[in-house]
Amino acid sequence: QVQLVESGGGLVQPGGSLRLSCAASGSIFSINFMGWYRQAPGNQREWVATITSGGTVSYADSVKGRFTISRDNARNTVYLQMNSLKPEDTAVYYCNARVVTTARVLKDYWGQGTQVTVSS
């Protein structure tokens, strides 16, 4: 099995910053890509950012220029640096990883989510 554990959420004022982390562990052979999604109350889960094993990044238009995704392949960890936060960024943030397990099975895994609240 594979586990994703997120950390770094919390309460921040508008214009502030937070850094989320997500560490993958377990029966991992390799990780194709890692990313972040978020879900606000009453909304569907939406994609935020993705980074490939080679370091190629992509962002949703709503966060481009404010959020930065990065990855430590040696630690199977992905980060999301969030700057210039807005109240509309308030959501539960979920980590996602497309993993090739040690059994050579390709599967998507999700973290448990971490709450980010942007409010004065």
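Which residue in S8 is the bridge partner of Ala23? The partner is Thr77. I'll come back to that sheet in a moment.

First, the ground rules. This is a predicted model, where local features need pLDDT of at least 70, side-chain atom pairs count only at pLDDT 80 or more, and totals for chains, interfaces and linings use all residues. Residues are numbered from 1 along each chain as its sequence is written, and side-chain values use heavy atoms, with hydrogens and water left out.

Now the sheet. Strands here are DSSP runs of E, at least two residues, and helices are runs of H or I, at least four residues, numbered from the N terminus. Four strands make an open sheet, in the order S1-S3-S8-S7. The pairing is antiparallel. Two strands count as paired if DSSP finds at least two bridges between them. S1 and S7 are at the edges with a single partner strand each, so one side of each has no neighbour in the sheet. From one strand to the next, the twist averages 15°. That angle is taken between N-to-C directions, on a scale from 0 to 180 degrees, with axes as lines fitted to C-alpha atoms (for helices, over the stretch in contact).

Next, the core. A nonpolar core is a set of buried Ala, Val, Leu, Ile, Met, Phe, Trp, Tyr and Cys residues joined through side-chain atoms within 4.5 Å. Buried is under 20% relative accessible area, exposed is over 50%, and partly exposed is in between, using a 1.4 Å probe and protein chains only. The largest core has 31 residues. Those with the most contacts inside it are Trp36, Leu80, Met82 and Tyr93. Several strands give two or more residues to this core, including S1 (2-7), S3 (18-26), S4 (28-39) and S8 (77-82). The largest share, 5 residues, comes from S9. In general, nonpolar side chains tend to be buried together in soluble globular proteins.

How many disulfides are there? The count is 1, taking a pair of cysteine sulfur atoms within 2.5 Å. Cys22 and Cys95 form it, with their sulfur atoms 2.1 Å apart. Cys22 is in S3 and Cys95 in S9, 73 residues apart. The link is left-handed, at -80° about the S-S bond. Both cysteines are buried.

Last topic: charges. A salt bridge is a side-chain nitrogen of Lys or Arg within 4 Å of a carboxyl oxygen of Asp or Glu. The count comes to 6.

Start with Asp89. Its side chain meets that of Arg38 in a salt bridge, 2.9 Å from N to O. Asp89 lies in the loop between S8 and S9 and Arg38 in S4, so the pair ties together parts 51 residues apart in sequence. Both residues are buried. Asp89 also forms a salt bridge with Arg66, the closest N and O atoms being 2.7 Å apart. Arg66 sits in the loop between S6 (57-59) and S7, 23 residues from Asp89. Arg66 counts as buried because its relative accessibility is 11%. For Asp89 the value is 1%.

Then there is Arg98 with Asp108, their closest N and O atoms 2.7 Å apart. Arg98 is in S9 and Asp108 in S10 (residues 106-110), 10 residues apart. Arg98 is partly exposed, at 30%. Asp108 is partly exposed, at 30%.

One more point on partners. Salt bridges that share partners join Arg38, Glu46, Arg66 and Asp89 into one network.
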